[in-house]
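Subject: Structure for you to look at

Hello,

Here is the structure I promised to pass on. Please open it alongside this message.

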Amino acid sequence: MPHLAEQRERVIARIQAAEQTFHRATGNVQLLAVSKTQDAERIRALAMAGQRCFGENYLQEAQEKIQLLADLNLEWHFIGPIQSNKTRQIASLFHWVHSVDRLKVAERLDAQRPAGLPPLNICLEVNSSGEASKSGVPPAEIPQLALAVAALPNLRLRGLMTIPAPLAIGSDETSAHAPFRLLRELFAELAGQGLGMDTLSMGMSDDLEAAIAEGATMVRVGTALFGTRTARCASG
Ligand SMILES: *Cc1c(COP(=O)(O)O)cnc(C)c1O
């Protein structure tokens, strides 16, 4: 599957061009390959092309692939909605969780992180689009949640994540940037309160340039790497 390697090169070139354009240090922005609905062989091919970090949305589907690819020593990021009865498996299989949106889930991940593993890396998911979005924590509630999560010993609070609501047709560049700017400002506010974090997980196939302009340190890219997804068949 040589085209996967080519597509990865193209995405990396886009990231590097955006780093230059927006005066970000070279290599500042990490590529997370979003591999939901992709089978283990395609993930393996992309890993062979040099990709190490992969993001998955559905636990059951991820579980099988993580086992099949255990020989590759990949870094797995959980980026999907979290049901609290799934936290035990998430806490033992993944290195990162980007979609923490309530204290109860954080407390369960903390309690269930297996002894002997390093702390689980955590991003809090921010609702950056108001009523247009159902997922994420309202920005005003983030500081309190961040303080509580930072105090949990088996978690390491790394930063903030967002999935902006789709843009209205005909909207301009400014509206594409607004959710990402909101995260940047929130991040700076938390840093001012002494919460040291290093990750802004924002930007996908269609908007990674706008996210990098506003300070993204990790872009989550699926379609531009793997092509258009077909409907998923696995659940959970
Ligand atoms: C699917 C998904 C992505 C990747 O989106 P693309 O548009 O395919 O690049 C990124 N983040 C999350 C949370 C996703 O669910």
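Below are notes on its pockets and then on its salt bridges. Please keep in mind that this is a predicted model.

Pockets

Rolling a probe the size of a water molecule over the atoms shows where empty space is left. Start with the largest pocket. Its volume is about 630 Å³. The lining counts 35 residues. To find the centre, look for I163, P164, M204, D207 and R220, which lie nearest to it.

Which elements supply at least two residues each to this lining? They include α7 (173-192), α8 (208-213) and β8 (218-221). Of the elements, α7 gives the most, with 5 residues. By class, the lining of the largest pocket has 16 nonpolar, 9 polar and 10 charged residues.

Now the second largest pocket. It holds about 180 Å³ of space. Its lining has 13 residues, and R8, I12, V29, Q30 and L31 lie nearest the centre. Two or more residues come from each of α1 (2-21) and β1 (30-34). Here α1 gives the most, with 5 residues. The lining of this second pocket splits into 5 nonpolar, 5 polar and 3 charged residues.

Salt bridges

Side chains of opposite charge can pair when their charged atoms come close. How many salt bridges does the structure hold? The count is 10.

R10 and E6 form one of them, at 3.9 Å from N to O. Both residues sit in helix α1, 4 residues apart, which is about one turn of the helix. R10 counts as exposed, because its relative accessibility is 54% and the cut-off is over 50%. E6 has 46%, so it counts as partly exposed.

E209 and R14 form another salt bridge, with their closest N and O atoms 2.9 Å apart. E209 lies in helix α8 and R14 in helix α1, so this pair ties together parts that are 195 residues apart in sequence. Both ends are partly exposed: E209 has a relative accessible area of 28%, and R14 has 27%.

R102 and D101 also pair in a salt bridge, and their closest N and O atoms are 2.8 Å apart. R102 is partly exposed at 32% relative accessibility. D101 is partly exposed too, at 29%.

Last, the network. Salt bridges with shared partners join E56, E61 and K65 into one network.

Best wishes

Notes: Residues are numbered from 1 along each chain as its sequence is written. This is a predicted model: local features need pLDDT of at least 70, side-chain atom pairs count only at pLDDT 80 or more; totals for chains, interfaces and linings use all residues. Side-chain values use heavy atoms; hydrogens and water are left out. On a 1 Å grid over the protein atoms alone, a cavity is a set of points where a 1.4 Å probe fits but cannot get out, and a pocket is an open set with protein on both sides within 12 Å along at least five of seven lines; lining residues have an atom within 4 Å of a point. Grid points are joined across faces, edges and corners, and a volume is the space filled by probe spheres set on the points. Ala, Val, Leu, Ile, Met, Phe, Trp, Tyr, Cys and Pro count as nonpolar, Asp, Glu, Lys and Arg as charged, and the others, Gly among them, as polar. A salt bridge is a side-chain nitrogen of Lys or Arg within 4 Å of a carboxyl oxygen of Asp or Glu. Buried means under 20% relative accessible area, exposed over 50%, partly exposed in between (1.4 Å probe, protein chains only).
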